[in-house]
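Thanks, everyone. I'll take one structure today and walk through its ring pairs, then its helices. Have a look at it first.

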Amino acid sequence: NPLSITRTSSRMGWYHNEFIPYVGDIRLDCGNDSLMRGVISVGNFPGWLDGVGRIWRSKPEIAAFMCVGMASTVLGKVGADSFVCELHGPTELGKTKALEIVASMFGLPSTNGLMFIMDSTDNFSENILNSLNNVPMCLDENEARRNSFEFQRMRNPENSWLYKVTANKGRQRMKSGSEAEAPTRWNTTLLVTGESSMVQETTAEGAQNRLVSIPITESVTDDFARLTRAIKANYGHMAKAFIRKLTAVNNLQDRLEDKFRLIKTIRPEVTSKMANNGSYVLVTLDIMESIIGKSALTPEIFVGYLKTKNDVDLTGTIYTSIMNWLAAKDSNTRYARDYIPEGDELLGDHYENTGEIIAVRHNGYVSVNKSKLDAFMQETFGKPLKDFQRRLAEKGYIVTSVSNGKTAYSIMDSYSGSKYRAVKISTSLLEK
């Protein structure tokens, strides 16, 4: 008798027109028992829809979260960049339950299946993302240790975590000897939950542009018991239905371009990267509605979740932060001869024990020690001043000069015989 051949793969997602392990005959064999158990379908599609359907039809924010999760399959189809979506709001509204709904479209909605804890290490996350490939990564804040290094790093100003997971590949590593391992790779969406947004006042612009933020203000459902029964007893069916529909789409790129233009028409100020991410979600919305009916989500509502150019522009925040920092460093500020005091301001020298000079105040600007300013910028915004100086100058926050036909953002300055490289920060904007 001829031997039967079973094709296997260590990664989920697209292989030609098959989507491992949901559509086609290739089985998943990734060495991770939780993942391999998690992708087995249980129950039936009508049973899942009985619990989820009312939420799909009445809660636009949850419908959007579901569409972002399913959009991972569209990203994988065209090899698009990964992005992150957060659902944030007060406790006890059902954010974790919303994450379970997303996971249940693909398989077992628990941390023993297709959900993961938010404070996982880089190495673990990269390997799981490599296995998921074109299936969404669902990260639950509820079980994370809030004081862990990994959890806190996901919310720092630079937010290097966001850059890493949206880079579509992991770090290159060496095997024994001099051989290099193949890097881990993925094209997917990552969904996270939290009581507050990952975006803070000082979050880096690039990180903000990789994150779709969906606020939740009311409970996911008025019958959590019914929803839980439905998704715990019936899961893994929606992904199969969606992928079959997606495989039949012949003009996918045209549809994506149409949705990009639609987003820009609805809200022209949305950033191009956000509009691009949104196009995958809106295409996903159309296909999901063809399967489970009309949702509460409209393109206009979803576009409201996308960030605009002003949302990701930190220049105003940076200028205010610099001025507040200088105010706190008043004892390290000196006064130039051209400075005219206001009111009863005193012009006595201010010295700390170090005698360190950070800034010299002039009429209309403050000459700030560039090395000290760079250190402040790196600590507060995760990047040096040079990454922002052109836009700060365009808005009049930095006073520039011209040297050899080129714009100079810093000058050589001196005070009492001590020379230093300085950046001229305008104060005239504060005086208006």
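Let me start with a rule. Rings of Phe, Tyr and Trp pair if their centres lie within 6.5 Å, and for Trp the six-membered ring is the one used. Planes under 30 degrees apart count as stacked. Keep in mind that this is a predicted model.

Take Tyr 319 and Tyr 397. Their rings are 4.4 Å apart, centre to centre, with 10° between the planes. That pair is stacked. Where do the two sit? Tyr 319 is in helix α14, residues 315-328. Tyr 397 is in the loop between α16 and β13. The two parts are 78 residues apart in sequence, so this pair ties them together.

Buried or exposed? Tyr 319 has a relative accessible area of 6%, and the cut-off for buried is under 20%, so Tyr 319 is buried. Tyr 397 comes in at 16%, so Tyr 397 is buried as well.

Next pair: Trp 325 and Phe 376. The ring centres are 4.7 Å apart. The planes meet at 15°, which is under 30 degrees, so this pair is stacked too. Trp 325 belongs to helix α14, and Phe 376 to helix α15, residues 370-381. They are 51 residues apart, and the pair links distant parts of the chain. Trp 325 and Phe 376 are both buried.

There is also a ring cluster. Ring pairs join Trp 14, Phe 19, Tyr 22 and Phe 106.

Now the helices. Two packed helices are described by the angle between their axes and the distance between the axes. Look at α2, residues 45-58, and α9, residues 224-233. Their angle is about 135°, and the axes are 7 Å apart.

Last stop, helix α4, residues 95-104. How many of its 10 residues are buried? The answer is 9, so α4 is mostly covered, with buried meaning under 20% relative accessible area. Among the buried ones are Lys 95, Lys 97 and Glu 100, along with Leu 99, Ile 101 and Val 102.

Methods
Residues numbered from 1 in each chain as written. Predicted model: local features only at pLDDT ≥ 70, side-chain atom pairs only at ≥ 80, totals over all residues. Heavy atoms only, no water. Buried < 20%, exposed > 50% of the residue type's maximum accessible area, 1.4 Å probe, protein only. Helix = DSSP H or I, 4+ residues; strand = E, 2+ residues; numbered from the N terminus. Axes fitted to C-alpha atoms, helices over the stretch in contact; angles between N-to-C directions. Phe/Tyr/Trp six-rings, centres within 6.5 Å; stacked < 30°, edge-to-face > 60°.
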